Amino acid sequence: ALVDWIEFAEDGHIYTATKDQRTELQTYQPLTWYTVRVELTYPYGRVFVDGEQKAYLFYLSGEQWDALVFAAHDFASGTAVQYYDDLRVTRP
């Protein structure tokens with residue numbers, strides 16, 4: 001099973017990750033809104049942050065995506081919060 005995720009990590013960076021790799025996209029600032037768009041068009045995927053393409057994903061033929069996860073660390077103090085607005089999932 002493949003799980004792809006977008007991670008706002010406690011080190012101040014946004015990452016995307018697949019079964020085989022974790023890629024740093026850019027830094028982020030707390031209390032700032034970011035627009036993240038993920039296009040999964042098998043066997044390819046693209047990740048955009050604020051309208052700019054930051055990552056290109058490719059999967060071997062025959063592998064399928066099972067989940068897309070957005071993650072925030074709890075930073076040990078339990079204060080990390082992410083808000084999701086205007087989520088849209090479409091199928092061609």
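I looked up Tyr44 to start: it counts as partly exposed because its relative accessibility is 38% (buried is under 20% relative accessible area, exposed over 50%, partly exposed in between, with a 1.4 Å probe and protein chains only). This is a predicted model, where local features need pLDDT of at least 70, side-chain atom pairs count only at pLDDT 80 or more, and totals for chains, interfaces and linings use all residues. Residues are numbered from 1 along each chain as its sequence is written, and side-chain values use heavy atoms, with hydrogens and water left out.

Tyr44 sits in strand β5, residues 44–49 (strands are DSSP runs of E, at least two residues, numbered from the N terminus). I found Thr41 listed as the bridge partner of Tyr44 in β5.

Next, the sheet. I see an open sheet of 3 strands, ordered β4-β5-β6 with antiparallel pairing (two strands pair if DSSP finds at least two bridges between them). β4 and β6 are the edge strands, each pairing on one side only. Between β4 and β5 I noted 6 bridges.

Then the loops. Leu31 lies between β3 (22–27) and β4 (36–41), and its phi is near 60°, positive though the residue is not glycine. Leu31 counts as exposed because its relative accessibility is 93%.

Asp50 is in the loop between β5 and β6 (52–58). Its phi is also positive, near 50°, again in a residue other than glycine. I put Asp50 down as partly exposed, because its relative accessibility is 46%.

Definitions and conventions. Helix = DSSP H or I, 4+ residues; strand = E, 2+ residues; numbered from the N terminus.
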